[in-house]
Amino acid sequence: MNLILAIGILIITGFGGGLLARKIKFPRISGYIIIGILLSPSLLNIIPSQLIRGELSVVTDITLGIIAYLIGGSLSLKRLKRLGRSILAITAFQSLGAWLFVGLLIAFLGHLFVPLNPPHASYSQTYLPMAIIIGAVSCATAPAATLAIVHEYRASGPFTTTLLGVVALDDAVAILGTSVAISFSRMLIGGGSLSLYKMLLPPLWEIAGSLALGVGVGFAIIHMSPLAKTRKTLLALVFGMIMLCVGLSRTLGISPLLANMTMGFVIVNRMKQSEQLFGVIDDIEDVIFAMFFTLAGAHFDLRVMAAAGVLCLLIILGRFSGKFLGARIGSSLSHAPESVRKYLGLGLFPKAGVTVGLILLVQRDPAFSTIGNLIISAVLASVIINELIAPPLTKYAIFKAGEAKVPLK
Amino acid sequence: MGEGAMPVAEVMTRKVITAKRSTTLKELMEIFRRFSLRTLPVVDRENKVIGVVALEDVLKIFQPHPSDILDMLDRVPFLDEYDDRSLWDVDIPPEMGVLCVVEDLMNVNVVTINEEATTIQARSLMKLHRLRRIPVVDKENCLLGIISLFDIIMAVFKQKGIL
């Protein structure tokens, strides 16, 4: 099969899956992922493995650049200041909680239940990076499922406001966390017997370099945007700059995620009329996201499912406990209302888009070739299971908080 | 100046209906209805443009969540679209008409055009930002008039001798 045919199949079948998912009131992304799993070499074997792991990985780079740019663009400092102490504190604690609990569970129990026997690789080159990375990815919460439930039950009040605020911010924390986690895990895998200074230097360079590149490209786009007189030319400029930022990051060995998120952040905070610089992406995002998430599903590997199944359970268990306890601590420290303290943690379990995107980035990194397949299958399985468990829990939390305006269906 | 382009100042409508920060929702809706308008520039005491309020902004009061959070969520990718059920279902007390003012609804990121600009530039801005009317301001950002697609088309027709 050639590359273009594979792309066509991914988009059209993904589009169909998205439509079906919306029919049964699931987010479109779930439809894309399930179609992708069906197309994977493990099941129907329609998209060949060498394409999925080879030429098609350019789709991952492009899409993650766009996702990071858009999420950076949501971080307007003016808005962040008005969000209030509770939302900021709960976001920080529940993200850290998820990271810590998932990380610790995998670090302590992973080697007992998840077999990994790569030659010449120690614990700190396999299970430890796996724990750090999956922990960081677990910070993300999907706003799509949460917003759908809030709409369906016309929920409003302090609980719903806090819930929406946290899910709006959470993905940015996950991107930041995963960029740092990838960088440090690479150091662990390649570190060997190097000194601490030599081990820490590459991650620090990666983070500082990504921030600097993002700031530079961000200011470049601010100065160049007046040259784009139409929406189409503005889209060409924005898309080109995102690609430039991803490509330069790859060349310099720094994080394309962090660089693109910084670019979006600089634009939204330094430019007065920045709305269109993000709005133009709306014109192309559906086709890109359909292709991307269907491709993500196609990475599913049935052969590693026995090991990935246990890992998936550890992820779900760690994430649920970490988010619940983190939200409790954050809301207590910030003196949030009782309904927020008691039930917010239960509303933070949905996950999908950013989680899948971030894990795909890990999978395509040659440094993680030993653990990449296992991680992606486990995370994909956890996303699908989450789609079934998390929405009822969010519903329950909204009803217990007394903020739903229509009776439970 | 490009061929056929005219200075905005020659084409714009000088008599502009504006709103103030303190204009109530009831007054705003009456202006929209009376003049069949969909957007109004908002000016301060010195006639400086401080925002713009559109008919769509009125929908914000049907939204029970803070607009800052909704604006942030709007930027986050992969959200599915939902219908505006709340528009028909929500209970709005009559006192909302006087309690809610333009300052609560307006968009402060307003696109304006300088009086010295041309109609070509005005049209480009309209296409880029998907607008039909743009406030025309001087160097101090004081409102001088408003230019609409209607004004531009009329001016072109006049120039061609059709009108």
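**Entry 1, chain B.** I kept in mind that this is a predicted model. I went through the secondary structure of chain B and found eight helices and five strands. Reading along the sequence, I noted the order α-α-β-β-α-α-α-α-β-α-β-β-α. The C-alpha trace of chain B spans about 55 × 40 × 30 Å along its principal axes. I also checked burial: 25% of the 163 residues of chain B count as buried. Then I took the contacts in chain B with a separation of 6 or more, and 62% of them join residues 24 or more positions apart.

**Entry 2, where B touches A.** I looked up the contact between the chains and got 23 residues of chain B against 37 residues of chain A. On the chain B side, α3 (67-75), α4 (85-89) and α7 (119-129) each supply at least two residues.

How do the axes of α4 and α14 of chain A cross? I found that α4 (57-73) and α14 (282-298) of chain A have axes that come within 10 Å and cross at roughly 125 degrees. That angle is why I wrote α4(A) down as oblique to α14(A). The crossing of the two is left-handed. From α4(A), the residues in contact are V59(A), T60(A), I62(A), T63(A) and I66(A), and they meet E285(A), I288(A), F289(A), M291(A), F292(A) and L295(A) of α14(A). I sorted the residues of this contact into eight nonpolar, two polar and one charged.

Definitions and conventions:
Residues numbered from 1 in each chain as written. Chains lettered and ligands numbered in written order. Predicted model: local features only at pLDDT ≥ 70, side-chain atom pairs only at ≥ 80, totals over all residues. Axes fitted to C-alpha atoms, helices over the stretch in contact; angles between N-to-C directions. Helix = DSSP H or I, 4+ residues; strand = E, 2+ residues; numbered from the N terminus. Parallel < 35°, antiparallel > 145°, perpendicular 65-115°, else oblique. Left-handed = near helix turned anticlockwise from the far one by under 90°. Contact = placed C-beta atoms within 7 Å. Nonpolar A, V, L, I, M, F, W, Y, C, P; charged D, E, K, R; others polar. Buried ≥ 20, exposed ≤ 12 C-beta atoms within 10 Å, placed from the backbone.
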